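Here's a quick briefing to read with the model open beside you. Start with the aromatic rings, then move on to the pocket.

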Amino acid sequence: MRRFDYILLLMSFALTVQAVQAQNDSVSVKLVTLSPGDEVFSVFGHSEVRVTWEGNDLYFNYGVFDFDEPNFLLKFVLGNADYMCVAMPKQFAHIGLDGRRMVEQDLNLTQEQAIKVRNHLLNNIHPLNSKYRYKYLGDNCATRTRDILENFTDSLQYPAMTDTVTYRDMLADCTRNFPWENFGIDLLLGADVDTVITIRQQMFMPMAMMKVMADATVMRDGKRVPLVTATHTEIEANDVVDSINWVTHPLTIALIFLALVTAVTIADLKRHTVSRWLDFGVCTVYSMAGSILFFLMFVCDREATFPNYNALWVNMFYFIPLALMWSRRTRKALRYYYMANGLVVALTIIAWPVIPQVANVAAFPLMIVPVLRAIAHMRAK
């Protein structure tokens, strides 16, 4: 047994013994929400559950992973990474949270419900039960907390949905200060994240769950009453200020790249030739990006990566010109490839308004690039 699991086992055993000895104690349950931070790993916020009873004050956290687990990085890339639930005493729960707001909502649970929630969480921190297959949309720290409240609060009712949003809308809002991360999400996640989601699905995002739970209700003595009885700010912090460096923004880089390709293509058209150095660079980048898309769509066990219509303009087939561009004997085949690829990409640009997937604004200049190179090859001698 690894040291990490051994420590968890000792902690869970001690806490379980305390729980058994304190079945009649007054138990309170709070929903804990950490606001998004200004680092990439914290932009989506975080959810925990705080449970207090006689002599105990614990924060249950479903967002922990063991980085030393064999092949963890590979499993994470493949979508097979396991996260776990751990309990942290209050004196350690605030460590490393500088600059992030922590809000706690007191939940209106009966003692029977609160005890069931506590015992379920204590059972979950046992090393044999703590691990779960992490999914960034369907099974994370927020959805785990939501599911627990639903399972042990049978009269829980959410407010009516007042707005129509998609997963992509919510992800874009969180990454508004991180344009490259937003560009990567828009490139790698497919059409499934562009469907309108229910209010329950919106709670995959911790901040959204906090707002929904604030308006949720439960039955008490035949009446509907608020689920949240009080809200406390345990750690105060300033809101993240929107600041985008347009010099290094993906759209700026894409437009500069398009301008370069346009200038070279015009020169090629005048000389009735093609610049192989440019084609080599374009095809290398596009084929690598296309390979990642293919990997995510057909190999990984990740959510919302198939179908992805970005594969119509950036795909593995850009390896073909990389193999054909060095020989005169394959010049005709190379031209046919560029004609076919240019036509597909051009039609994709035209049809994108009716394609059921939102594209990042920086993608459109990049879509034009293979069309320009196709024109250059069609006019070359």
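There are 13 aromatic pairs in this structure, which is a predicted model.

**Tyr286 and Trp313**
- The ring centres of Tyr286 and Trp313 are 6.0 Å apart and the planes meet at 80°, so this pair goes down as edge-to-face; the cut-off for that label is over 60 degrees.

**Phe294 and Phe298**
- Phe294 and Phe298 make a tilted aromatic pair, with 4.9 Å from centre to centre and 50° between the planes.
- Why are they about one helical turn apart? Both sit in helix α11, and they are four residues apart there.
- Phe294 is partly exposed because its relative accessibility is 37%, and Phe298 is also partly exposed, with a relative accessible area of 48%.

**Cluster and charge**
- Tyr286 and Trp313 turn up again in one aromatic cluster, together with Tyr318, Tyr337 and Tyr338.
- Elsewhere, look at Trp53: the charged end of Arg118 sits over its ring, 4.9 Å from the ring centre.

**The second largest pocket**
- How much space lies in the second largest pocket? It's about 710 Å³.
- The lining of this pocket is made up of 32 residues, and those closest to the centre are Asp173, Met205, Met207, Ala208 and Lys211.
- Helices α6 (167-174), α8 (199-202) and α9 (206-215) each put at least two residues into the lining.
- Which of the elements gives the largest share of that lining? That's α9, with five residues.
- By residue type, the lining of the second largest pocket splits into 16 nonpolar, nine charged and seven polar residues.

Definitions and conventions
Residues numbered from 1 in each chain as written. Predicted model: local features only at pLDDT ≥ 70, side-chain atom pairs only at ≥ 80, totals over all residues. Heavy atoms only, no water. 1 Å grid on protein atoms, 1.4 Å probe; cavity = no way out; pocket = protein on both sides within 12 Å on 5 of 7 lines; lining within 4 Å. Points joined across faces, edges and corners; volume = space filled by probe spheres on them. Nonpolar A, V, L, I, M, F, W, Y, C, P; charged D, E, K, R; others polar. Phe/Tyr/Trp six-rings, centres within 6.5 Å; stacked < 30°, edge-to-face > 60°. Buried < 20%, exposed > 50% of the residue type's maximum accessible area, 1.4 Å probe, protein only. Lys NZ or Arg CZ within 6 Å of the ring centre and 35° of its normal.
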